[in-house]
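Good morning, and thank you for coming. Please have the sequence and the model open as I speak, and follow along residue by residue.

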Amino acid sequence: MIIEALVAEIIDLADTRSRVVVGFTGPPGAGKTTVARRATLELADRLGDAHIGYLPMDGFHLATPMLHLLRRTERRGAQDTFDVDGFVATLRRAATPDTEVYAPDFDHNLGEPIAASALIPATARIVVVEGNYLAFDGAWAPVRRLIDRMWFVDLPDAIRHERLLARHVATGRSVDDALEWIRNVDDPNAAQIRATRAHSDAGLDATTID
């Protein structure tokens with residue numbers, strides 16, 4: 001029901017302009033990707049694939065060899081492990097009506113970003129963007145100005161930690177390593193992201209998503 005209401009709100013917004021950009025942000029493990037992808041699928045079902053685009057910030061992760069070169073492998077997911085300038089440039093193009101955009105996505109099986117693996121068609125009326133740092137300042141500041149409406153997706157930490165633990169173990173980490181990563185990487189990032197909550201237009205409790 002929440003997704004249906006969300007989609008109806010996005011469609012109403014899209015009726016006011018030729019292309020609208022909507023965003024979903026929130027801390028790691030809160031469910032923003034799930035919400036964004038479900039909304040995207042529902043929008044495509046209602047309006048047709050040709051009218052919907054999807055732009056995940058995770059596609060702009062620096063690849064593992066670059067993280068090794070920069071000595072940032074142990075902080076993957078932090079602000080400086082993304083190509084922020086590339087993301088801003090791509091989002092600016094994606095926000096431009098009648099513009100076709102090839103964008104990267106993140107392959108969770110490979111654990112790497114894949115260039116030009118997503119297409120935002122020129123006919124897209126709605127572009128859905130999701131990621132951790134959509135409301136940050138500094139080099140990220142142009143992002144929020146390019147998003148017409150944004151939701152902050154969150155969960156209680158106990159549930160979020162369970163999800164993160166399962167995610168990290170599924171990618172090959174031991175339980176101890178996964179817990180250390182959550183403590184030293186995910187949670188400090190989550191604190192910074194939650195500090196930007198006021199920049200979103202509305203909040204969304206992921207426990208209410210059925």
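Where is R71 found? R71 is found in the loop between α3 and α4. Before I go on, please note that this is a predicted model. R71 has a positive phi of about 60° although it is not a glycine. To place that in context, most residues other than glycine have a negative phi.

D98 is found in the loop between α4 and β3, and at 66% relative accessibility D98 counts as exposed.

Which residues of α4 are buried? They are V84, G86, F87, V88, T90, L91 and A94.

F87 belongs to one aromatic cluster together with F60, F82, Y133, F136 and W140. Across the whole structure, a search finds seven aromatic pairs. One of them joins F82 and Y133 in an edge-to-face arrangement, with 5.9 Å from centre to centre and 80° between the planes. Why does this pair tie together separate parts of the chain? F82 lies in the loop between α3 (64–70) and α4 (84–94), while Y133 lies in the loop between β5 (126–130) and α5 (141–146), so the pair links parts that are 51 residues apart in sequence. F82 and Y133 are both buried.

Y133 also pairs with F136, and this pair too is edge-to-face, at 4.9 Å centre to centre and 75° between the planes. The relative accessibility of Y133 is 0%, so Y133 counts as buried. F136 counts as buried as well, at 8%.

A ring may also meet a charge. The charged end of R173 sits over the ring of W181, 4.0 Å from the centre of that ring.

Another arginine deserves attention. R144 lies in helix α5. Is R144 buried or exposed? R144 counts as buried, because its relative accessibility is 18% and the limit for buried is under 20%. The side chain of R144 reaches the backbone oxygen of H199 at 2.8 Å. Leaving aside neighbours within four places in sequence, R144 is in contact with H199 and also with L134, A135, M150 and D201.

A14 is in helix α1 (residues 2–14) and is buried, with a relative accessible area of 2%. A14 and I126 are 112 residues apart in sequence, yet their C-alpha atoms are 6.6 Å apart in space. Not counting residues up to four places away in sequence, A14 touches V20, R125 and I126.

L47 is in helix α2. At 22% relative accessibility, L47 counts as partly exposed. Residues up to four places away in sequence being left out, L47 touches I11, I52, R125 and I126. With F152 the picture is another one: L47 and F152 are 105 residues apart in sequence and 24 Å apart in space, C-alpha to C-alpha.

Finally, I come to empty space. Rolling a probe the size of a water molecule over the atoms shows where such space is left. The largest pocket has a volume of about 950 Å³. Which residues are the closest to the centre of this pocket? Of the 36 residues that line the pocket, these are H61, F106, H108, R167 and H168. The elements that give two or more residues to the lining are α2 (32–47), α3, α6 (157–170) and α7 (175–194). Among these, α6 gives the most, with five residues.

The search for cavities of 30 Å³ or more finds one in the whole structure. About 30 Å³ of space lies in the largest cavity. Its lining consists of T33, R37, P56, D58, D105, F106, H108 and E130. To this lining, α2 and β3 (101–107) each supply at least two residues.

Thank you for your attention.

How values were computed
Residues are numbered from 1 along each chain as its sequence is written. This is a predicted model: local features need pLDDT of at least 70, side-chain atom pairs count only at pLDDT 80 or more; totals for chains, interfaces and linings use all residues. Side-chain values use heavy atoms; hydrogens and water are left out. Rings of Phe, Tyr and Trp (its six-membered ring) pair if their centres lie within 6.5 Å; planes under 30 degrees apart count as stacked, over 60 as edge-to-face and the rest as tilted. Helices (H or I, at least four residues) and strands (E, at least two) are DSSP runs, numbered from the N terminus. Buried means under 20% relative accessible area, exposed over 50%, partly exposed in between (1.4 Å probe, protein chains only). A charge sits over a ring if NZ of Lys or CZ of Arg is within 6 Å of the ring centre and within 35 degrees of the ring normal. A polar contact is a pair of N or O atoms within 3.5 Å; within protein, one must be able to donate a hydrogen and the other to accept it, and residues adjacent in sequence count only if both atoms are side-chain atoms. Contact means heavy atoms within 4.5 Å. On a 1 Å grid over the protein atoms alone, a cavity is a set of points where a 1.4 Å probe fits but cannot get out, and a pocket is an open set with protein on both sides within 12 Å along at least five of seven lines; lining residues have an atom within 4 Å of a point. Grid points are joined across faces, edges and corners, and a volume is the space filled by probe spheres set on the points.
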